[in-house]
Amino acid sequence: MKFGVVVFPGAYCDHDCFYAIESVVGRPVEFIWHREPTVDGFDAIVLPGGFSYGDYLRPGAIARFSPVMSAVGDFAKRGGLVIGICNGFQMLTEAGLLPGALLPNVGMKYICRFLHIRAETSATPFTSSLRPGELLHIPIGHGDGNYVAGEDVLKELEDRDQVVFRYVDPDGQATPEANPNGSTGNIAGIVSRGRNVLGMMPHPERADEAVLGSRDGVRIFESMVASLSPV
Amino acid sequence: MNAKVIVTLKPTVLDPQGLTIHRSLESMGFSGIDQIRQGKYFEVSIDESLGQTEREAVVDRLAREVLTNPVIESFQVVWS
């Protein structure tokens, strides 16, 4: 099993993701340059956070057209595991691999802090080791995390159990006060209809060692490993 | 030959930038402003040797596929 972390110019969470997978989770991982035309040989792809291509035009809008993204799209269509974190989530919506879009935060502030998210489902390869309702203490760091989608899309996400994480208060309630950015329904992460593509604004790779304040993010990478491992 | 592409958020989409600008205007004392919506504006210069039909097709495609995110934005093209 091998993870690949895509390296985009301007994205800077790639090394944190690499470290989390190699040193904390203890699995093979390699960087993939954004100009690579293929992702053959990888079992899971990480699209990291940052400001790919300066986030000009719209966050993730230019990254979507990099050569590696066609390969990632094909990989996803074949059922390969893809996790997009923060800017990676924005790329996935821009590429049409996930529905909806991410607008500037309500209030226009860049927000960088720890908060709580609630796992809404364990029926994904990314949350298989979490119980529905379980809370993760995890940081966000974004200016454009305000998830929006049409009413029909939102209904489908709910009906098909595709909402994976919501922003909640420490008691696990998805209150307006616990919503940092104005996201519809406090949505912090969603999965594709095929359940193999996850986009989330919070950073699991920044919550991977006790010294950072939380290890909760490791659970997501470990779920991926469990899903990829032969039983 | 130039095309101006004006990109606007769809009417149903909340505009945090416009809201923030509106709030600032109110605090500065501007009155009577009901709403501000922020959009984007692009000037595209195109090879004169292309025919008008082809030019329109090129601009329509780049506006649709790159300059806008169809989930949240729409666009109009003005030729000059």
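For the count of elements I took helices as DSSP runs of H or I with at least four residues, and strands as E runs of at least two, numbered from the N terminus. I kept in mind throughout that this is a predicted model.

Entry, chain A as a whole. With those terms, I found five helices and eleven strands in chain A. I then looked up the radius of gyration, which is 16 Å and close to the 17 Å that the globule rule gives for 231 residues, so chain A is as compact as a globular protein of that length. Along the principal axes, I noted that its C-alpha atoms fill a box of roughly 45 × 40 × 35 Å.

Entry, packing. I looked up burial and found that buried residues make up 55% of the 231 residues in chain A. Among contacts in chain A with a separation of 6 or more, I found that 76% join residues 24 or more positions apart.

Entry, where the chains meet. I found 14 residues of chain A in contact with eight residues of chain B. On the chain A side, I noted strand 5 (101-103) and strand 8 (146-148) as the elements that give two or more residues. Sorting that side by class, I recorded seven nonpolar, five polar and two charged residues.

Entry, chain B. I looked up helix 1 (residues 16-28) of chain B, whose 13 residues reach 18 Å from first C-alpha to last, close to the 18 Å expected at 1.5 Å a residue.

Conventions:
Residues numbered from 1 in each chain as written. Chains lettered and ligands numbered in written order. Predicted model: local features only at pLDDT ≥ 70, side-chain atom pairs only at ≥ 80, totals over all residues. Rg over C-alpha atoms; globule rule 2.2 N^0.38 Å. Buried ≥ 20, exposed ≤ 12 C-beta atoms within 10 Å, placed from the backbone. Contact = placed C-beta atoms within 7 Å. Nonpolar A, V, L, I, M, F, W, Y, C, P; charged D, E, K, R; others polar. Expected span 1.5 Å × (residues − 1).
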